[in-house]
Amino acid sequence: MLRIVIAAWHLRDFNVGLGRYCRGLIEALGRVDRENQYEILVPDDSYRFSQRPNMRYRLIRFPLFKRRFWEQVSPLLAGPHEVLHFPYDSCVAWKRAKFVTTVHDVKPHLFGTYGTGTNLNRLVERLLVRDKWARIDQIVTDSECSRRDIQEKLGVAPDRITVVYPGVDLARFRPAGTESQVEAQVKAKARPEAQIESEASSTLTSTWAGSGRPYVLCVAGADPTKNVETLVDAFARLPVPLREQLDLVLVGDFRRRPELRDRVRRAGLEQQTIFTGVVDDDRLITWYQKATLFVFPSRYEGFGLPVLEAMACGCPVISSNASSLPEVAGDAAMLVDPSDVNRMASAMATVLSDGDLRRDLAQRGLAQASGFSWDRTARATIAVYRKVVQG
């Protein structure tokens with residue numbers, strides 16, 4: 001039996017990838033592992049985990065200090081343990097056990113933003129942690145692409161890096177037609193009959209509740225590497241008769257991207273573009289389920305979870321062919337160069353105009369997503385814990 005501490009700081013980041021990873025991993029560890037003992041350190045009680053006999057959830061709050069202070073001090077307050085796991089990229093100054101960290105990607109190193117400027121977080125890391133890559137006993141990362149980047153950019157030896165693919169909550173992210181009978185009856189009463197998608201039709205039938213119009217969906221955020229501006233330009237270049245039937249739905253926090261709204265306005269797409277802001281999982285799943293097409297134009301991803309979420313919901317996908325995305329999407333998505341606006345527009349027009357192709361992509365996507373369960377992620381992570389303790 002191992003005693004394992006997980007510092008779950010990013011639970012508070014509910015709608016971003018780090019928070020999803022943290023919640024999904026911990027819940028799955030509780031489902032599949034009855035042997036080891038876990039102490040989960042949490043900075044607030046905003047998320048309620050399922051109660052497990054071998055999992056203790058410990059709330060640790062400090063009134064004045066933020067992440068760097070919390071992650072240095074909280075593990076010192078934990079009980080005896082053999083493994084400490086940070087499910088995100090950081091490190092401790094004082095090790096009491098073997099230390100595992102999950103490095104999801106090395107984007108700051110690749111795009112030249114690492115170490116620029118000064119702030120308290122970086123100062124604490126430089127003064128206390130110093131060479132964190134030498135302190136970490138084992139790195140878990142999300143893809144073979146990230147593994148290669150970590151080796152090349154950080155100089156970490158291959159035997160100290162393990163690829164463990166994240167998962168998708170397949171019980172929740174699923175096609176609209178797979179509800180239980182009770183769920184289906186409730187949903188049928190809650191929406192007009194005209195909004196129910198006919199799978200037999202090859203026309204653009206998926207709709208969003210605000211307008212009843214079919215839409216192209218993207219889930220992203222303010223990070224410029226998400227490349228949403230290229231999607232906006234590609235949408236604007238769709239053949240006019242096709243484009244006029246569609247809306248473009250952008251899910252995520254774009255408040256720091258006013259130039260993106262300017263781009264939408266200059267392209268004459270204001271009446272067709274919906275900025276939803278950050279949405280909860282229930283609304284996000286509905287957006288995925290009802291979308292005619294999901295497009296993910298990112299220039300770099302350590303994994304690219306939205307691609308699999310869309311697939312799991314039965315939505316056809318066009319994805320960038322950059323970084324880890326071909327590895328994640330497999331042959332279940334149409335892949336395009338994220339810098340080629342014309343190619344992206346052409347791919348969108350092809351998929352949007354061909355109902356048979358959309359259904360084929362949707363079926364392949366369901367099969368692809370089914371291979372990425374959180375339980376599988378948890379079992380592979382437990383193997384890392386054992387490996388690092390056994391040396």
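The paragraphs below take the sheet, then a helix packed on it, then the cavities.

The model is predicted. Strands of a sheet are held in pairs by backbone hydrogen bonds, in either the parallel or the antiparallel sense. Here seven strands form an open sheet in the order β3-β2-β1-β4-β5-β6-β7, with parallel pairing. Its edges are β3 (55-59) and β7 (161-163); each has a single partner strand, so one side of each is left without a neighbour in the sheet. On average, neighbouring strands of this sheet are turned by 20° against each other, direction ignored.

One of the pairings joins strand β1 (residues 3-7) to strand β4 (residues 83-86), in the parallel sense and over three bridges. Within this part of the sheet, I4 stands opposite V83 in β4. Helix α2 (residues 67-77) packs on the sheet and touches β1, β2 (37-42), β3 and β4. The direction of α2 makes about 145° with that of β2.

A probe the size of a water molecule, rolled over the atoms, shows where empty space is left. How many cavities of 30 Å³ or more are there? The count comes to three. The largest cavity has a volume of about 40 Å³. Its lining consists of P75, H81, L84, V92, W94, K95, R96, A97 and F99. By class, six of the residues lining the largest cavity are nonpolar, one is polar and two are charged.

Terms used
Residues are numbered from 1 along each chain as its sequence is written. This is a predicted model: local features need pLDDT of at least 70, side-chain atom pairs count only at pLDDT 80 or more; totals for chains, interfaces and linings use all residues. Side-chain values use heavy atoms; hydrogens and water are left out. On a 1 Å grid over the protein atoms alone, a cavity is a set of points where a 1.4 Å probe fits but cannot get out, and a pocket is an open set with protein on both sides within 12 Å along at least five of seven lines; lining residues have an atom within 4 Å of a point. Grid points are joined across faces, edges and corners, and a volume is the space filled by probe spheres set on the points. Ala, Val, Leu, Ile, Met, Phe, Trp, Tyr, Cys and Pro count as nonpolar, Asp, Glu, Lys and Arg as charged, and the others, Gly among them, as polar. Two strands pair if DSSP finds at least two bridges between them. Helices (H or I, at least four residues) and strands (E, at least two) are DSSP runs, numbered from the N terminus. Axes are lines fitted to C-alpha atoms, for helices over the stretch in contact, and angles run from 0 to 180 degrees between N-to-C directions. Contact means heavy atoms within 4.5 Å.
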